[in-house]
Amino acid sequence: MIDTIDIKITKTSKSRVSEQDVNNVPFGKCFSDHMFVAEYAEGKWQKAYIQPYADIPMSFALSALHYGQAIFEGMKAYKNEKGEVSLFRPLANHNRLNISATRMAMPEIPEELFMGGLIELLRLDNAWIPSSETGSLYIRPFLIATDEAIGVRPSESYKFVIITCPAGKYYSEPVKVIVEQSYYRAVEGGVGYIKTAGNYGRSLYPTKIALDKGYQQVIWTDAKTHQYVEESGTMNLMFVIDNTVITPQLSDTILAGITRDSVLSLARDWGMKAEERKISVKEIFEAHEQGRLKEAFGTGTAATIAQIIAIGYNDKEYALPPVAERKFSNKVDEVLRNIRKGRAEDKFHWMFPIK
Ligand code: COI
């Protein structure tokens, strides 16, 4: 049971929702009417409020801008055929945000603040939640350091903000990815396991090079040897070799994806072998050559299940089996959609209804 907190609500005088088709908007560009803000100072959370979506007035000395003390989450709310709204595993996002906060020397966000703000926001912006088959409301909670100070030290003030946007598919088509052998995303002892802004900023240049070569994303490999795969773009990575689902094991270089965990739970529930372990580039290409690599896909909140149709490696491109033949990932995609839309039994209690 989550207690409510005192949230001051200022509603918009005019909703913008009728200006959009919420079931058909590009990802991440069209924001709902309201936002939730909580302010931290002097060692505690001071106040929380919901206001019309707006820019935040800020100093150019804001510490988040200079040293990247900034973390975020990605989560989704779904509307079913009866118009009922549910969040997918929101407490897992809350937990992960606090893991990120600890690593970045930022204050934790109490559950009642996170969930209380989110629930109020969803009630107010209900009309923005898509009801289409592949649509959802993408939710972006984030925490930024707000001290106006150029010295390098943890900020003493923070803002926790939640903004939301209706979203369809992140990738409209299956993706081609290339094995990255020069740059790396994360290193042992680093911050690869959390959702901090710098992890994404540093990925842009290698991704740009990949795009120029005709690939939508890179497959990140380990920083020391570039022999072992880690993630793909902003997603966790999964392979089906023979009948076994294989994904890199969690470590401090891999994000503990909530979709990743859900896919593994479903695989095991269906009696499939699901391995979390080191997986080398060599193993993948050997399996491919022997016709044993059946599926490759990325998992993530934004992308859900993103099919990988080709992998580039050492100036060669390897085509993977047609998406239509991929029994496991197609079934996972469908079952997850059915659970989210309230059409399949939610035996893992993943859905959190918003009353
Ligand atoms: C997500 O999958 O929610 C992400 O955070 C990835 C991306 C849009 C940054």
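Strand E5 (residues 75-79) pairs with strand E7 in the antiparallel sense over three bridges, where helices (H or I, at least four residues) and strands (E, at least two) are DSSP runs numbered from the N terminus and two strands pair if DSSP finds at least two bridges between them. Within this pairing, Met75 has Ile139 of E7 as its bridge partner. The model is a predicted one, in which local features need pLDDT of at least 70 and side-chain atom pairs count only at pLDDT 80 or more, whereas totals for chains, interfaces and linings use all residues. Residues are numbered from 1 along each chain as its sequence is written, and side-chain values use heavy atoms, with hydrogens and water left out.

Nine of the 10 residues of E7 (residues 136-145) are buried, so the strand is largely enclosed by the rest of the structure. Buried denotes under 20% relative accessible area, exposed over 50%, and partly exposed the range in between (1.4 Å probe, protein chains only).

The largest nonpolar core contains 50 residues, of which Phe36, Leu87, Leu118, Leu122, Ile139 and Phe160 touch the most other members. Helix H3 (residues 111-124) gives the most to this core, with seven residues. A nonpolar core is a set of buried Ala, Val, Leu, Ile, Met, Phe, Trp, Tyr and Cys residues joined through side-chain atoms within 4.5 Å. Leaving aside residues up to four places away in sequence, Phe36 touches Ile7, Ala48, Tyr49, Ile50, Leu113, Gly117, Leu121, Phe160, Val161 and Ile162, contact being defined as heavy atoms within 4.5 Å. A second, separate core of 23 residues includes Tyr171, Phe285, Ala303 and Ala306.

The axes of helix H6 (residues 258-269) and helix H8 (residues 327-340) come within 11 Å and cross at roughly 110°. Axes are lines fitted to C-alpha atoms, for helices over the stretch in contact, with angles running from 0 to 180 degrees between N-to-C directions; angles under 35 degrees count as roughly parallel, over 145 as roughly antiparallel, 65 to 115 as roughly perpendicular and the rest as oblique. H6 contributes Thr259, Ser262, Val263, Leu266 and Ala267 to the contact, and H8 contributes Phe328, Val332, Val335 and Leu336.

Thr304 is located in strand E16 (residues 304-313) and, at 14% relative accessibility, counts as buried. Its contacts, not counting residues up to four places away in sequence, are Lys76, Thr259, Gly298, Thr299, Asp333 and Arg340. Most residues other than glycine have a negative phi. Phi of Thr304, however, is near 55°, a positive value in a residue other than glycine. Phi of His226 is likewise positive, near 55°; His226 lies in the loop between strand E10 (217-221) and strand E11 (229-232) and counts as buried at 15% relative accessibility.

Leu320 is placed in the loop between strand E17 (316-319) and H8, and its 10% relative accessibility classes it as buried. Leu320 and Lys176 are 144 residues apart in sequence and 9.7 Å apart in space, C-alpha to C-alpha.
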